[in-house]
Each structure stands twice: as C-alpha cells, then as structure tokens.
Amino acid sequence: MAGVSEFIRCRGAEALAEEAAGRITAIAQAAIAEHGYCSWALSGGGTPVPTYRRLAESPWRESLDWPRIHVFFADERWVPHDHADSNYLLAWENLLQRVPIPPENIHAVPYLAPAEQAAASYQQHILAFFSPRPVCFDLITLGMGPDGHTASLFPGMDDCGDKLVAAIHDSPKPPPVRITLTYPLLDQAQHRLFLVTADAGKAALLEEIAGPGPQSKPVGKILGTAERPVVWLLDDAAA
Ligand code: 6PG
C-alpha cells in the first residue's frame, strides 16, 4: 500500500468537485490561520477543471482569503503560458482569472530554454519563497494517469536524482517536454489530495495502490503517514 491513504468515493464529477472544493477551502483556511498564507501546488489534466471552476463560485469563492493564497504548479508543460497545452492557462481560465488572487501570488513555471533552465529557475524560486524554512507546500493537488504517472513523473522516467524540480523529455503523455516537482517535494507537503476519475482504465491501478503489495507506479511512491495520509477523491461514477 502507498502508506496511509484515505479513499473517498464521489458519485460523479460535480460531486467530486464539491468535495474537493470543500477540502481545499478547509486546508487553505487552516494554513492561513497557522502561518498566514497557504501554498498550493496544483496539477493539470482534465479531472481538476470542475473543481477549479467550483472554487470560483459561491460559497467557496467568498470563503477563501485569496490574497493569502499562493498558487504554484506541481507540473507544467514546456510551452508558452498562452499555449493551449499550458497548465498555467488551464488554471488561469478556469480559476485564477475568476477570483481576486493578486498576480504576484501566481507562481508560474518560467518558460525558459532549455527546459533544464526552466526547472532550475523554478526550483530556486520555490526555495526562495519558503526560505529560511524548508520547502513544505500546504497542499498539492494531483491527478493520476492510466499508466500510474502523477505530476510529470512517469514510470521509468521518475528518477530525478537530487533535483526538487526536474525537466522531463519524451513524456509518453504529450507534449513531450515537461517540468515537474519531484518526489521529495511531493512527499514533504502537508496535504496531498488526488483527484481521480476512477474509470475502468484506472481501476486496477487503484486496487494496487489500496492493496498491501509492493508499489510499482509513481503514484504509489507518494507515501501517506498516519499524521499526513494521502487523500484520494474518486469519481467512481465512471467506474
Ligand atoms: C498534466 C497533469 C497530469 C494529470 C494526469 C491525469 O500536466 O498532464 O499534471 O499528471 O494529472 O495525467 O490527467 P486527467 O485528470 O486528465 O486524467
């Protein structure tokens, strides 16, 4: 099993979005109360879009103290921010442009060449943001691909050495070049929240993650603990 995990079943995409919005709001409010801000690294993909849109609507929009929320990216495609594949653009269109978050609180991955330069620059930016404290995102929201990838950590391509942010080439999920947070940052975060459409293609993977056996996929390497369980919101209507 991937450490201590909690699995919450939601009946449909809207139910998952509602559950996720409530949990994200509670995590953000607690982080703000505890240390004055919330640092949230979000993912791309299609599953989180209803959640992003729900957070921009009542009651969640008014419940969140947006000037105290800092949005980062768990991964990003190595494309300009106005490119259709950009995770920044996805978050901007579905959430960030719809809420009163200050521009300086949106920490986009810089589009620099080569991609290794973009990764190194983002790593420095993250280290500087948290300095002098160690990097510890209050929340990372993640998805899961049918091959068990998460963020842009893909099977057989997830050894990033001692990098906290890495450039990935030849991604099996297009586009091929990406920037991703690596396991140490995903492990250190206070809350890890997976949003997954538990369709047939992912059911076997979820069985492995929930099971007692060894973990073979990147998602299974995100280990929960009793104090910081990994939480999975599953839209099992698709199952
Ligand atoms: C990305 C995402 C990626 C995504 C999974 C699940 O940049 O592509 O970060 O890791 O979370 O591929 O995608 P879906 O939510 O579309 O199934």
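**Close-up views of a predicted model**

**View 1. Cys 38, a buried cysteine.** At 2% relative accessibility, Cys 38 counts as buried (buried is under 20% relative accessible area, exposed over 50%, partly exposed in between, with a 1.4 Å probe and protein chains only). This is a predicted model, where local features need pLDDT of at least 70 and side-chain atom pairs pLDDT 80 or more, while totals for chains, interfaces and linings use all residues. Residues are numbered from 1 along each chain as its sequence is written, and side-chain values use heavy atoms, leaving out hydrogens and water.

**View 2. Cys 38 and Cys 136, two cysteines apart.** Cys 136 is in no disulfide (a pair of cysteine sulfur atoms within 2.5 Å), and at 25% relative accessibility Cys 136 counts as partly exposed. Searching the whole structure turns up zero disulfides.

View 3. A polar side-chain atom of Thr 47 lies 2.7 Å from a ligand oxygen atom, and one of Asn 87 lies 3.0 Å from a ligand oxygen atom. For Lys 173, a side-chain N or O atom is 2.7 Å from an oxygen atom of the ligand.

**View 4. The shell around the ligand.** Surrounding the ligand are 16 residues (each with a heavy atom within 4 Å of it). The closest are Gly 46, Thr 47, His 149, Ala 151 and Lys 173.

Notes:
Polar contact = N/O pair within 3.5 Å; in protein donor to acceptor, adjacent residues only side chain to side chain.
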